[in-house]
Amino acid sequence: MKPSRFDEIPQKDLLDGTQVQFKSTKLQKYICAENGGGTIVVANRSSAPDWETFRLWRINQTHFNFRVSSKQFVGLKGYRNRIVAGSDTAGSPETFQILFSTERNENNQNHKVKIKASNGQFIQVQSDTLLTADYSGSVWEDGNPSVFIMTIVKRQYPFQGEYQITNGYGPDKAPQVMQNHWNTYITEQDFQFMSANGLNAVRIPVGWWIAKDPNPPKPFVDEFTAKNVQQNIDYIYNKRSSDLAKVTTTNGPLSFVGEWTGEWEKKGASMQDYQRFAKAQLDVYGRATFGWAYWAYKCDQKHWSLKWMIENNYIKL
C-alpha cells in the first residue's frame with residue numbers, strides 16, 4: 001500500500017496497531033501493565049522497555065482499546081473504577097478516548113494527552129500503584145494527575161496495510177479510497193511491463209490481519225544483518241541451494257520459492273552488491289520447477305519492488 005493513501009486519514013499517527021507509551025507528568029514515571037497484564041496498571045517505571053508499551057486497537061479517530069503484552073485489554077474495575085489490564089475482550093469498560101493538548105513537540109512524536117474512560121471521567125494517577133478513572137477537571141498543566149505525555153513508538157516498518165487504511169478512514173469513506181486505489185495502482189500497463197520482462201504469473205497478497213494479530217513474523221532479511229556482503233551471497237549459493245535441492249526431486253512434486261527480495265538492509269552495500277545478491281537468488285531460485293515469486297511487484301520501499309529493481313537495472317530477468 002502506498003503511504004500516500006494514508007495522508008488524509010484523521011489522526012494518521014494513531015493507526016490500528018500503533019504502539020504508545022504514557023508518562024505521568026505528576027510522577028514523571030511511565031504507566032505499566034504489571035506483569036505484562038492480568039493485574040493492576042501502575043505508574044512507577046523510570047524507563048519503558050516492554051510492559052510500558054500499549055498497542056492501540058483503533059475504533060475511530062479518537063476512541064481506542066489499549067492492549068498489553070499478554071494480549072489482554074486495559075479497562076475499569078470496581079466501584080472506584082480502578083485501571084487494570086485483565087480483560088480478554090474489549091467492550092465499553094475497555095474503551096478510551098484520547099484528548100490532545102494544543103501543545104505539540106517539533107517532531108510530532110510526543111503529545112500531552114488526557115485519557116477519558118467510558119464513565120466520562122479522566123484517568124488520573126492517585127499514587128504510583130493506583131490509577132483510577134474519576135477525574136473531571138480540565139487543567140492541562142504539567143504535574144496534573146490526569147495529564148500524560150504520550151510517546152508513539154517508532155517502527156522501522158509501520159503498520160500500513162489494507163486493514164489500517166479501511167479502519168482509519170472508517171466505513172463511509174474507506175470504500176471510495178480503496179476503489180480509487182484498486183482502479184489506479186495496478187493497471188493494464190503494469191501487466192504489459194510484466195510480460196515484456198518475462199514474468200508469467202502473479203500472486204494476490206492477503207493481509208496478515210485476516211488470519212492473526214497484526215504482528216507478522218520478521219522476514220528472513222533480519223536474520224542476516226550480521227553477515228557481510230559475500231557471506232550473504234554465499235549463503236544463497238550454499239544453504240538456500242541445498243534447501244531447494246532437497247524438495248526438488250525427479251518425478252516428485254513441483255517446487256516453488258514463495259517469496260524473495262533484493263533487500264537485505266546491509267549498510268554501505270553498493271549497487272553492484274545489490275545486483276550480485278539479486279543475481280545469486282535468481283540463479284538458485286530459478287531451479288525451482290514451479291518458479292518463484294518476488295516480495296512485491298510494486299512497492300514504495302525500492303528494493304522490495306520488483307518493478308523498481310528491473311527499471312533501475314538491479315535485476316535482469
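Start in helix α3 (residues 229-247) and select Asp243 and Arg240: they are 3 residues apart, so about one helical turn separates them. Helices here are DSSP runs of H or I with at least four residues, strands are runs of E with at least two, and both are numbered from the N terminus. The two side chains meet in a salt bridge, 3.2 Å from N to O. The term means a side-chain nitrogen of Lys or Arg within 4 Å of a carboxyl oxygen of Asp or Glu. Now colour by accessibility. Arg240 counts as buried at 16% relative accessibility, whereas Asp243 is partly exposed at 25%. Buried means under 20% relative accessible area, exposed over 50%, and partly exposed in between (1.4 Å probe, protein chains only).

This is a predicted model: local features need pLDDT of at least 70, side-chain atom pairs count only at pLDDT 80 or more, and totals for chains, interfaces and linings use all residues. Residues are numbered from 1 along each chain as its sequence is written, and side-chain values use heavy atoms, leaving out hydrogens and water.

**Whole chain.** Zoom out. The protein chain has 5 helices and 14 strands. Of its 317 residues, 43% count as buried. Take contacts with a separation of 6 or more: 61% of them join residues 24 or more positions apart. A contact means heavy atoms within 4.5 Å. The accessible surface is about 17,300 Å², and carbon and sulfur atoms hold 49% of it.

The structure holds 11 of them. Select Arg45 and Glu34. Their closest N and O atoms are 2.6 Å apart. Arg45 sits in strand β3 (residues 39-45) and Glu34 in the loop between β2 (30-33) and β3, so the pair ties together parts 11 residues apart in sequence. Both Arg45 and Glu34 are buried.

Next, go to Lys298 and Asp190. Their salt bridge has its closest N and O atoms 3.4 Å apart. The pair links distant parts of the chain, 108 residues apart: Lys298 is in the loop between β14 (292-294) and α5 (306-311), and Asp190 is in helix α2 (residues 188-196). Lys298 is partly exposed, with a relative accessible area of 25%. Asp190 is buried at 5%.

Phe191 is partly exposed, with a relative accessible area of 45%.

Centre on Phe22. Its contacts beyond four places in sequence include Tyr30, Ile31, Phe54, Phe66, Val113, Ile115, Phe148 and Met150.

**Last stop: confidence.** Colour by pLDDT, the predictor's confidence in each residue from 0 to 100. The chain's mean is 88, and 89% of its residues reach 70 or more. Select residues 216-221: pLDDT is below 50 there, and the stretch has 11 contacts in the model beyond near neighbours in sequence. Where pLDDT is low, the predicted coordinates should not be read in detail.

Methods
Areas by Shrake-Rupley, 256 points an atom, 1.4 Å probe, with all protein chains shown as cover.
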